[in-house]
Amino acid sequence: METGALETRLSSELREFELEAFLLQLEVNGLCVVPPEKTGVDSETITAIREQLLCEAEELVGCGFDLGTGPEAELTMNADDNVLARTTGDDGEPTQFLVQQLCARHRLFRDLAINPVALALIRHLIGRNATRFSSHNAFVKWQGEFGYGSNLGLHCDQLAVPRPWGRNALTANTNWCLTDYTLDGGALAYVPGSHRRMEPPRFPEAVELAVPVEAPAGSLIVFHGATWHGAFPRHTRGMRLSIANYFRHYMILPQDDIKNLFPRDLADDCSNPEVFKFLAGFADEFPYSQPTERIPRLTS
Ligand SMILES: O=C(O)CCC(=O)C(=O)O
Ligand SMILES: [Fe+2]
């Protein structure tokens, strides 16, 4: 077979980082796991990110969090505010919350958001010049038998975009495992190959086909916006921490209004300000914030 045509679809970054095997998994399964040796993010950095995240969580909630035991106080959440409980009809106590807008919180999070290996894979799925940030959230989770309930919270991230979807990802996600991902520890759940169905999950089929994504701390999970995923409940003590750096095609609405609201000076304080600003969409034409077209003038 002629390989020339195939090669031209791979960016120079993908070839430079030797990510071909991961691409193949993305194409076939809609998800791949990149080991820490490949991402260039060393274990000291992962530890620093984890510690910073626990500080952010403490500041937000008002109690300490211990990796080995979980929250250091009893926590509750209004039933209406408890998204997990609300969507499943359960009214259990919270065992998870998000720390949002991470990139405005610390440089460590900004550097992670522009990790070159993650970007190379995401840009392959969405399009090199069309890829933008959508949101940067951490999932802070601890022991809880219920989790997302019996449907494992299975969904696909590009769910809100009307169908028919094409092969090209409209959104794509990275989940950085900051702690080990195991089935019992509440790993991500996903259905291999489900992105090729180009439709939201069907139940109960999705639950029957879901498998855990087990991976050591520091691993990077990358998945297509049409891939069916959720998470298993955490049966073991202690915490599961992850960061979801979520991307979109530039014609898809972002989750966070980064273009208009992200502090520009912070974008200069990261390992590659040019790339960060491009992905933030600061220079994007849309959405207009004022009239842009020329108007006719009177001749005299
Ligand atoms: O880990 C989880 O609980 C789910 C993550 C997820 O749905 C996402 O990052 O889009
Ligand atoms: Fe998701």
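Reader: Which residue of β11 does Trp 176 stand opposite?

Author: Ile 243. This is a predicted model, and the pairing is read from its atoms. Trp 176 also has a place opposite Leu 220, in β9.

Reader: What makes β6 and β11 a pair?

Author: The bridges between them. Two strands pair if DSSP finds at least two bridges. β6 and β11 are joined by seven, and they run antiparallel. The cut-off is at least two, so β6 and β11 count as paired.

Reader: How do you know that β6 and β9 pair, and in what sense?

Author: Apply that test again. β6 and β9, which is residues 220-224, share five bridges. The requirement is at least two, so they pair. The sense is antiparallel. One of the facing residues in β9 is Val 222, the bridge partner of Thr 174.

Reader: Which other strand is joined to β9?

Author: Strand β1, residues 31-34. Four bridges join β1 to β9, and the two run antiparallel. Val 33 has Ile 221 in β9 as its bridge partner.

Reader: Why is β6 called mostly covered?

Author: Count its buried residues. A residue is buried if 20 or more other C-beta atoms lie within 10 Å of its own C-beta atom. Seven of the seven residues of β6 are buried. Both faces are covered. Thr 171, Asn 173, Asn 175 and Cys 177 are buried on one side. Ala 172, Thr 174 and Trp 176 are buried on the other.

Reader: What makes β9 mostly covered?

Author: Five of its five residues are buried. One side holds Leu 220, Val 222 and His 224, and the other holds Ile 221 and Phe 223. Both faces of β9 are covered.

Reader: Is Thr 236 buried, exposed or partly exposed, and what makes it that?

Author: Thr 236 lies in strand β11. It has 13 other C-beta atoms within 10 Å. Buried needs 20 or more, and exposed means 12 or fewer. The value 13 falls in between, so Thr 236 is partly exposed.

Reader: Which residues does Thr 236 touch?

Author: Gln 143, Asp 184 and Gly 185, leaving out residues up to four places away in sequence. Thr 95 is 141 residues from Thr 236 along the chain, and their C-alpha atoms are separated by 12 Å.

Reader: What surrounds ligand 1?

Author: The shell is Phe 139, Asp 157, Asn 173, Asn 175, Leu 188, His 229, Ala 231, Ser 242 and Ala 244. The elements that give two or more residues to it are β6 (171-177), β10 (229-231) and β11 (234-249). By class, the shell has four nonpolar, four polar and one charged residues.

Reader: How do you know on which side of α12 its buried residues lie?

Author: Helix α12 is residues 273-280, and Phe 276, Leu 279 and Ala 280 are buried in it. They cover an arc of only 105° around the axis, which puts them on the same side of α12. The buried residues of α12 pack against α7 (107-113), β5 (131-144), α10 (258-261) and α11 (264-268). Just after the helix, Gly 281 takes a positive phi of about 80°.

Reader: What makes the chain as compact as a globular protein of its length?

Author: The chain has twelve helices and eleven strands. Its radius of gyration is 20 Å. The globule rule gives 19 Å for 300 residues. The two values are close, so the chain is as compact as a globular protein of that length. The C-alpha trace spans about 75 × 55 × 40 Å along its principal axes.

Reader: What percentage of the residues in the chain is buried?

Author: Buried residues make up 39% of the 300. Of the contacts with a separation of 6 or more, 82% come from residues 24 or more positions apart.

Note on methods. Residues numbered from 1 in each chain as written. Chains lettered and ligands numbered in written order. Predicted model: local features only at pLDDT ≥ 70, side-chain atom pairs only at ≥ 80, totals over all residues. Near = placed C-beta within 6 Å. Nonpolar A, V, L, I, M, F, W, Y, C, P; charged D, E, K, R; others polar. Arc of directions from axis to C-beta. Contact = placed C-beta atoms within 7 Å. Rg over C-alpha atoms; globule rule 2.2 N^0.38 Å.
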